[in-house]
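I opened this structure for the first time and kept short notes on what I looked up. The entries follow in the order in which I made them.

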Amino acid sequence: MSRRTLAYQRVYEKIKEDILSARYGTGTLMPTEAELETDYGVSRSTIRKAMELLAKEGYVDIRQGRGTMVKD
């Protein structure tokens, strides 16, 4: 497994935990990709992969121009 794969999986797990613990509340906008990059110390592509996985699993709704919203 590559280091990049591990990075996006780690970020995915942490953000998922934050959603489930209500750090990011239902219906709220997530921080921007740039803010998440800084928070997690990873690249934008790593953030995007993690967010795409969260969207696929129904945790967030990604809309270009609006941002990423936490789903119920």
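I began with the strands (DSSP runs of E, at least two residues, numbered from the N terminus) and found arginine 63 standing opposite glycine 67 in β2. This is a predicted model, in which local features need pLDDT of at least 70 and side-chain atom pairs count only at pLDDT 80 or more, while totals for chains, interfaces and linings use all residues. Residues are numbered from 1 along each chain as its sequence is written, and side-chain values use heavy atoms, with hydrogens and water left out.

I then looked up the pairing, which requires at least two DSSP bridges between two strands: β1 (residues 60-63) and β2 run antiparallel and are joined by 4 bridges. Their hairpin has 3 residues between the strands, and glycine 65 takes a positive phi near 90° there.

Next I turned to lysine 71, which lies in the segment after β2 (67-70). I noted that lysine 71 counts as partly exposed because its relative accessibility is 41%, where buried is under 20%, exposed over 50% and partly exposed in between (1.4 Å probe, protein chains only). Leaving aside neighbours within four places in sequence, lysine 71 is in contact (heavy atoms within 4.5 Å) with Thr26, Gly58, Tyr59, Val60 and Asp61. Its C-alpha atom is separated by 8.5 Å from that of glycine 25, 46 residues apart along the chain.

Last, I checked tyrosine 40, whose contacts, again leaving aside neighbours within four places in sequence, are Arg10, Val11, Lys14, Ile15, Asp18, Arg23, Tyr24 and Ile47.
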